[in-house]
Every structure is written in C-alpha cells, then in structure tokens.
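Hi,

Here is the structure I promised to pass on. Have a look first, and my notes follow below.

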Amino acid sequence: MKEDRENRKADRGFWIYEGGKTGLFSWIFTTDHKRIGILYLTSLAVFFAAGVTFGILMRLELISPGKTIMSASTYNSIFTVHGVIMIFLFIIPGIPVSLGNFLLPLQIGARDVAFPRINLLSWWLYIAGGIIALLSLFTGTGPPDTGWTFYAPYSIRTGTNVSLAVFAAFVLGFSSILTGMNFITTIHRLRAPGMTWFRIPLFVWTLYATAWVQILATPILAITLLLIILERFFGMGLFDPAKGGDPVLYQHLFWIYSHPAVYIMIVPAMGVVTEIIPVFARRTVFGYKAIAFSSIGIAAVGFFVWGHHMFTSGISDTSKVIFSLLTFLVAIPSGIKVFNWVASLYKGSIKVDTPLLYVISFIFLFCIGGLTGLINGTLATNIHIHGTHFIVAHFHYVMFGGTAFAFFAGIHYWFPKIFGRMYSEARAKLAWLFLFIGFNVLYFPMFIVGWQGMPRRYYDYLPEFHNLNFISTTGSWILAVGLILLFANLIRSVRKGEIAGSNPWKGTTLEWTVPSPPPVENFEEIPTVTHGPYKYE
Ligand code: HEM
Ligand SMILES: [Cu+2]
C-alpha cells in the first residue's frame, strides 16, 4: 500500500511537492524548504554552467602564447566575472542552500526550517543578486576587470562596471546572512524529541558551523563593498593613497571576510563526505565528537589567518610570522577529518557506488589542495609563488576538487530522496572518469608553470610555458565532457530513472525513513530519537 503510493507519487514526478500545486507560481512563491532547495539547485546549476563556460574560454585563450581568441582587457573581464560567479553565485551559497535546505529539517526530524518565508526571501535575494551581476556584464561601461577581489585603488579608478558588480555581491551577502540565521535557529529550536546535540547527523554540524561564519563574517564584506561604491561615487579617499587613504586597509577588510568564507565553501562539503562514508562502508563513523568539534574548530581558527593573502602587500614581519603560524594551525582540524574519514573506511565492507567514488576523489584532491595550502602559508615559498598559477591551481583543487566534487557526491547520494528515482550508475561512473582525469590534466600543470613563475591574470605568457598550458587546456575539454555527461544523466533520470523507494542505500539517518520524494509535511508524526546516527555494527 505505502510502496504503491510512493511509486505512484514518484511516477507523477517531483514537481507536485505541495499538495498537488503545480505551475511556476507554486514554485517561486513556495515556502516549502524542499522546493526552495530545488529552486536553489536549479539556479546554482545555471550559474555554474556560465562560470565553467568562462573558465573554458580562458583556457582557450591560454592554449598558446600571444593573442588567441580575445584581447587582454576582455581576458581581464572574463577572469573577473568567472571568479565573481563561481564564488558568490555558486560555491558560497552552494551546498547549504540546496542540499542543506532540502535535508536539514528532514535530518533533525522537523517539518520545515524556522522561518520559511525568510527562506524564500533569501532565494529571491540570490536571484536578484544574480541578475544584477549579469547586468554588470552587459550594461554601461562594460564588465568589471579588477579580479573577483576588487582590490583598491584600481577598483576605485577603473571605468568598468565595478559598482554594479560590487552591489550584486552586496545583495548576495544578505541572502547568505538570512540563510545562516534560519539554519542556526532551526538547529537550536526544531530538533525532534531525543535529538540531542551528539545525536545530530554530522552534516548538520557542518551546516551549523558554516551558518555562524555566514552571519558573523558576511556583514564585514557588505560594509567593505559598500565603501568601494562610496569611494567610486564620492571619492572619500579611504583606500586611495592619493587622498591619504590606504589600499592595504581594503585588503585587510576584504580578507577578514573572504578567508573565513573559504570555510563556508569547504565545511559543508566535509559534512557531505562524512555523511556518505558510513553508508557505503557499512560501519559507524570513527570519532563522531572529534569530527563534530573539528567543524567548529576550522570555522573558529579560520577567522584569524586572513593575513596569509597579504604576505607581499607590505604588512609587518611580525604579523607575517603570526599569520603563517596560525595558517598551519588550521591544518590540524582538517587533518583530524581526513584521518577519521580514512579510519571509517578502514575494514569497512566498501561498496563503490558513484557517491563514494566522488568522496574518495574529494579526499585525494582536497589533500593536494590542503597540502599546497601549507606551501602557500610558508613565508619563504609564498614570496615566490604568490600571484602565480600555483595559487590558481591550489584554490581550484580545494574549491573545485574539494567542494564541487563533494557537491556531486551529495547530489548523487540524495538524488533518489529528492526526485524519487535512481540515476544510471554506469553513466554516472563514466562521467566521473572524464571529470577526474580532466580535472587533474587541467589543474596539475598549473602548479608547475606557477612554480616556474608564470603570473596569474595575464592573457599572455612566455614561450617556455607553452607545452604545459596546451596540456592544461586539453584537460579543460575532457573535464567539460565529464560535466555534460554528469548533467545529462541526472536530467534524464529525473523523468526516466528507476523508481527509488524510500531507502535505496540503506541509510540510517531520518531522511531515509520517509518516502521519496518526501511528503509536504515531511513526517506523518514527528519521530522520537533514541540513538545517534550511522548505526551499523
Ligand atoms: C571548467 C572549469 C574551470 C576552468 C577551466 C577554470 C579556469 C580558470 C583559470 C584559467 C583561471 C585563472 C585566470 C588567470 O589568473 O589568468 C581561473 C581563475 C579563477 N577560478 Fe576558475 N576555472 C574553472 C572552475 C572554477 C570553479 C568551480 C571555481 C570555484 C568554485 C573557480 C574559481 C576561480 C576563481 C575565484 C578564480 C580567480 C579569478 C581572479 O583572478 O579574480 N573556477 N579559473
Ligand atoms: Cu586564506
């Protein structure tokens, strides 16, 4: 009976989440966290595709020295827009607003988030920010060309559309703050009876730590970006040395947000990884409390290391040494997580389905990204590699190889729950293969040319860097094929995939106790929790 109803529901498709309402308005005015999660997932996919397209175009330009397909100023605008889209419209909202929004109430045994209407408002602000960012591309004096970091004094002086782009990031910041506020209140107030703090799934712990960074750090960015707009309109001189201002002050304010922001990007990804490992290793997670506290630890220590972006900006030697030391400290809670993931897999009865394949890739790529982060954080080497493609490779390994690969793991893991259908495992594995090979062929050569001195943010380079750049560009094409295969498989499976049932992976967290897709009210009755998650032995 229950199974039949589930099959009939899945067969009619996921878009009838709210009491059978369909149509555009039932989506853009919904207050259901599940629908809002899917709205975000769809919007993120569109912006990600735009960001990837700009990335591929840059690689095409870099296939050989000299001008290939674009001018130097166009290249400057493209890496700026690529960075702005990927940071503010893909990876910062990323996992929390999509998978987090869909899964958080289900994992803690609640019917929705604490403020459903504010949840919808945060999506509207996200879309508004996205539209303003796109407007900055096609209106006025042309797309911004400062880099996504909007460094002063150039961002004050350049005639391009910096004010609009900065305003877009400002609006997106509020979407992020509202989401953070919503999640913290939900986790504190709406847990099911018996769901004590050490019975919460570890994905929820990472959403909790991330939400605190969102509400504490984002206002700093909001004020800093507003100051750039005021500088451009009124020339107050805060960041302009010609008027007694200090451009290094801008860098401090920008990175006081933007470094903690990298933990908004990576900590939820770590939560997805921790969630998937016990299910595909069929054993409980190693060191629950250590993993929970390491999420908080990373978020907290992450507030004190921003100066490592400024070792060549003329800050004092004392502060350089302190920031370098603190940067090493962040590696400890990250290392605890990696150790516990591997320990949880050890002696498990491993089933290598696509979610685990992306998880294992995450651990491999994140370690390369993390360890090169220690090279960047070391004063002696940083002076040499700052501003080169070594840095570009580093952050793509952590943000793309890390967060995006974990995102792909999470999408495949929770796809049956969200859409009520299975994806094609064979096609998913083929997509993974192209992605993994393409990724390393694309970004690993950048470490080498960067170490040899190739500067970032130039559309041209010296002939001796030609071979490795050619290889890197071909890597971007292999990666693009992988992304197309991944999306094609998932989009096809939404309608044509096999009916999934409520618990295809035999997971033990609460979302697997309800039908797929879940009913509007999530639970017929709010469950009472008597033990922690990941019970296998
Ligand atoms: C197919 C995918 C991608 C390709 C081919 C690509 C390629 C590139 C290249 C070549 C640059 C360096 C430009 C330069 O300094 O000369 C760059 C910069 C950057 N990329 Fe990507 N990227 C991709 C995906 C991503 C993803 C997924 C993210 C983050 C989530 C990301 C974030 C950034 C950022 C923040 C910059 C710095 C932009 C700046 O200098 O202001 N990229 N990318
Ligand atoms: Cu940093």
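A word on burial before anything else: a residue is buried under 20% relative accessible area, exposed over 50% and partly exposed in between, using a 1.4 Å probe and protein chains only. His-308 counts as buried because its relative accessibility is 14%.

Some housekeeping: this is a predicted model, where local features need pLDDT of at least 70 and side-chain atom pairs count only at pLDDT 80 or more, while totals for chains, interfaces and linings use all residues. Residues are numbered from 1 along each chain as its sequence is written, chains are lettered from A and ligands numbered from 1 in the order in which they are written, and side-chain values use heavy atoms, with hydrogens and water left out.

On to the rings. There are 55 aromatic pairs in the structure. Rings of Phe, Tyr and Trp (its six-membered ring) pair if their centres lie within 6.5 Å, with planes under 30 degrees apart called stacked, over 60 edge-to-face and the rest tilted. Trp-205 and Tyr-208 make an edge-to-face pair, 6.5 Å centre to centre with 85° between the planes. About one helical turn separates Trp-205 and Tyr-208, because they are 3 residues apart in helix H9 (residues 202-234); helices are DSSP runs (H or I, at least four residues), numbered from the N terminus. Trp-205 and Tyr-208 are both buried.

Tyr-358 and Phe-405 are edge-to-face because their planes stand at 70°, with ring centres 5.8 Å apart. Tyr-358 is in helix H13 (residues 354-377) and Phe-405 in helix H15 (residues 389-419), so this pair ties together parts 47 residues apart in sequence. Tyr-358 and Phe-405 are buried too.

The charged end of Arg-35 sits over the ring of Trp-27, 4.4 Å from its centre, and that of Lys-289 over the ring of Phe-198, 4.6 Å from its centre. The rule is NZ of Lys or CZ of Arg within 6 Å of the ring centre and within 35 degrees of the ring normal.

Cheers

Note on methods. Helices (H or I, at least four residues) and strands (E, at least two) are DSSP runs, numbered from the N terminus.
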